[in-house]
Amino acid sequence: IAVVKDGQILLSKGYGYADFAAKKPVVADKTLFRPGSISKLFTTIAVMQLVEQGKLDLDRDVNDYLDFAIPKTYPEPITLRRILTHTAGFEETLKNLFVPDASDVIPLRDYLIAAMPVRIFPPGKIPSYSNYALTMAGYIVERISGEPFDKYIANYILTPLKMDHSTFAQPLPEALAPNMSQGYLAAAQGPRKFEFGSVSPAGALSATANDMSRFMLALLGEGTLEGATILKPESVRAMESRQFELHPALHAMGLILMDYSMNGQRIFGHGGDTIFFHSDLIVMPDAHVGLYISYNSAGSRPGGGRT
């Protein structure tokens, strides 16, 4: 668990075991967990960085940025804004999101071509969560920046924020691998292997609670932490604004950040699940509070502890 308030870490603490059999404790500044789809926030920040540089346009047909074609099923094009509000209109698929081994992880382009889902909704009309679309956004970052996706994230987000115990690399770098928590369905069933994600930009982050607290502080600091700026304030505000709504009285989508507002508080966040790890991250901009929680097993409760 990590809690930040008023620009500082209020609490960062590990509970339970990173390795149940060895009784190895979870340590907040050392033990890596897999935040799953919270990874999408990093991909979105990467997209917004390139938007700030004039290299990407949120409202341009993504086919202009790709070296393969998305079928023109509907007259309206798929855009990055649609992708980042989960209204691109792709059917969601779960097959092959995770693969057994590092050797089964194929380049993003190959995955996107091989696993392209059907377009079932016109863009911008129906919310339909899409790991595929966010992976496409990550590939666009890779193409436009000229850097492999995991290296781009390291160079322009993780390193500036001093998130030194976090990575999108699969397999993990040698320096971080010994501190990776085991993942479990339940402790009694024993640990499971490291989960290799085909959709790296949509869910492959490994990070410590301390590092995630730095990430929340950067969001709450409107893109800047300790002199390092990863986004302009207006870009962070765009991520936290109503980009897609079905009705003004209902919660809306920002740019990947979901509106969790309640009790008069503006609250934005994103959950994340791998098969074995279950996490949530929320920020409350007006209260200057952020909360990150991650479990390395689902436990006995339906939906796991984070629910």
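This is a predicted model: local features need pLDDT of at least 70, side-chain atom pairs count only at pLDDT 80 or more; totals for chains, interfaces and linings use all residues.

**Exercise 1.** Determine how H1 and helix H5 (residues 149-158) are oriented where they pack, and which residues meet.

*Solution.* The axes of H1 and H5 lie 10 Å apart, at an angle of about 75°. An angle from 65 to 115 degrees counts as roughly perpendicular; H1 is therefore roughly perpendicular to H5. On the H1 side, the contact is formed by Phe 42, Thr 43, Ile 45, Ala 46, Gln 49 and Leu 50, which meet Phe 149, Tyr 152, Ile 153, Tyr 156, Ile 157 and Leu 158 of H5. Sorted by class, this contact comprises 10 nonpolar and 2 polar residues, with no charged ones.

**Exercise 2.** Describe the packing of H1 (residues 39-52) against helix H7 (residues 209-220).

*Solution.* The two axes come within 12 Å and cross at roughly 45°. H1 and H7 are therefore oblique to each other, and the crossing is left-handed. Leu 41, Phe 42 and Ile 45 of H1 meet Met 212, Phe 215 and Leu 219 of H7. The contact has 6 nonpolar residues and neither polar nor charged ones.

**Exercise 3.** Identify the residues with the most contacts inside the largest nonpolar core, and list the contacts of Leu 80 beyond four places in sequence.

*Solution.* The largest nonpolar core has 70 residues, and Phe 42, Leu 80, Ile 83, Met 136, Met 212 and Phe 215 have the most contacts inside it. Beyond its neighbours within four places in sequence, Leu 80 is in contact with Val 47, Leu 56, Asp 57, Leu 58, Arg 60, Val 62, Tyr 65, Ala 137 and Ile 140. Another core, of 9 residues, lies apart from the largest one and includes Ala 18, Leu 32, Met 180 and Phe 276.

Notes
Residues are numbered from 1 along each chain as its sequence is written. Side-chain values use heavy atoms; hydrogens and water are left out. A nonpolar core is a set of buried Ala, Val, Leu, Ile, Met, Phe, Trp, Tyr and Cys residues joined through side-chain atoms within 4.5 Å. Buried means under 20% relative accessible area, exposed over 50%, partly exposed in between (1.4 Å probe, protein chains only). Contact means heavy atoms within 4.5 Å. Axes are lines fitted to C-alpha atoms, for helices over the stretch in contact, and angles run from 0 to 180 degrees between N-to-C directions. Helices (H or I, at least four residues) and strands (E, at least two) are DSSP runs, numbered from the N terminus. Angles under 35 degrees count as roughly parallel, over 145 as roughly antiparallel, 65 to 115 as roughly perpendicular and the rest as oblique. A crossing is left-handed if the near helix is turned anticlockwise from the far one by less than a right angle, and right-handed if clockwise. Ala, Val, Leu, Ile, Met, Phe, Trp, Tyr, Cys and Pro count as nonpolar, Asp, Glu, Lys and Arg as charged, and the others, Gly among them, as polar.
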